[in-house]
Amino acid sequence: MFKRLFWVGLGVVTGVVAVSKAQAYVKANTPDKARQFLLGPDQENVGMRTLEGLVNEFTQVRRTREAELNNRYIDKLQ
């Protein structure tokens, strides 16, 4: 269990480092118009916007699925 947790944690850390290095490379070596196309106009908060989008999408899908299950089981009870 601890080995698996270690490797998953190591993978997450490696992914975060790789993404931050890639973003730093893009910021340093691309023209402003290309950076705005890739990262958007707010280039400092790309990670936070991405995380916020993922959380919002997850919440929307979760609520939709909960409503579907509630309707299905409420119909069976009545």
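Close-up 1. R62 is partly exposed, with a relative accessible area of 33%. In this classification, buried means under 20% relative accessible area, exposed means over 50%, and partly exposed lies in between, with a 1.4 Å probe and protein chains only. The model shown is predicted, so local features need pLDDT of at least 70 and side-chain atom pairs count only at pLDDT 80 or more, while totals for chains, interfaces and linings use all residues. Residues are numbered from 1 along each chain as its sequence is written, and side-chain values use heavy atoms, with hydrogens and water left out. Look next at the partner of R62: a salt bridge links R62 to E66, with 3.0 Å between the closest N and O atoms. The term salt bridge stands for a side-chain nitrogen of Lys or Arg within 4 Å of a carboxyl oxygen of Asp or Glu. Because R62 and E66 are four residues apart in helix α3 (residues 46–77), about one helical turn separates them. E66 is partly exposed as well, at a relative accessible area of 38%. Helices are DSSP runs of H or I with at least four residues, strands are runs of E with at least two, and both are numbered from the N terminus.

Close-up 2. Side chains of opposite charge can pair when their charged atoms come close. Here the side chains of R65 and E68 form a salt bridge at 2.8 Å, N to O. R65 and E68 are three residues apart in helix α3, about one turn of the helix. E68 also forms a salt bridge with R72, where the closest N and O atoms are 3.4 Å apart. About one helical turn separates E68 from R72, because the two are four residues apart in helix α3. Through shared partners, salt bridges join R65, E68 and R72 into one network. As for accessibility, R65 has a relative accessible area of 40% and is partly exposed. E68, at 39%, is partly exposed, and R72 counts as partly exposed at 37%. The structure holds three salt bridges.

**Close-up 3. A nonpolar surface patch made by M1, F2 and L5.** Together, M1, F2 and L5 make a nonpolar surface patch of about 470 Å². Patches are made of residues with over 30% relative accessible area and no salt bridge; like charges are joined within 9 Å, and nonpolar side chains (Val, Leu, Ile, Met, Phe, Trp, Tyr) within 5 Å. Accessible areas come from the Shrake-Rupley method with a 1.4 Å probe, and for residues only the protein chains shown count as cover. L5 lies in helix α1 (residues 2–29) and is exposed, with a relative accessible area of 57%.

**Close-up 4. G9 in helix α1, with D75 for reference.** G9 belongs to helix α1 and is partly exposed, its relative accessible area being 31%. From G9 to D75 there are 66 residues in sequence and 43 Å in space, C-alpha to C-alpha.

**Setting for the close-ups: the whole protein chain.** The protein chain has three helices and zero strands, running α-α-α from the N terminus on. Its C-alpha trace spans about 65 × 40 × 15 Å along the principal axes. The radius of gyration of the protein chain is 20 Å, whereas a compact globule of 78 residues would have a value near 12 Å; the radius is taken over C-alpha atoms, and the globule rule is 2.2 Å times the number of residues to the power 0.38. Buried residues account for 9% of the 78 residues.
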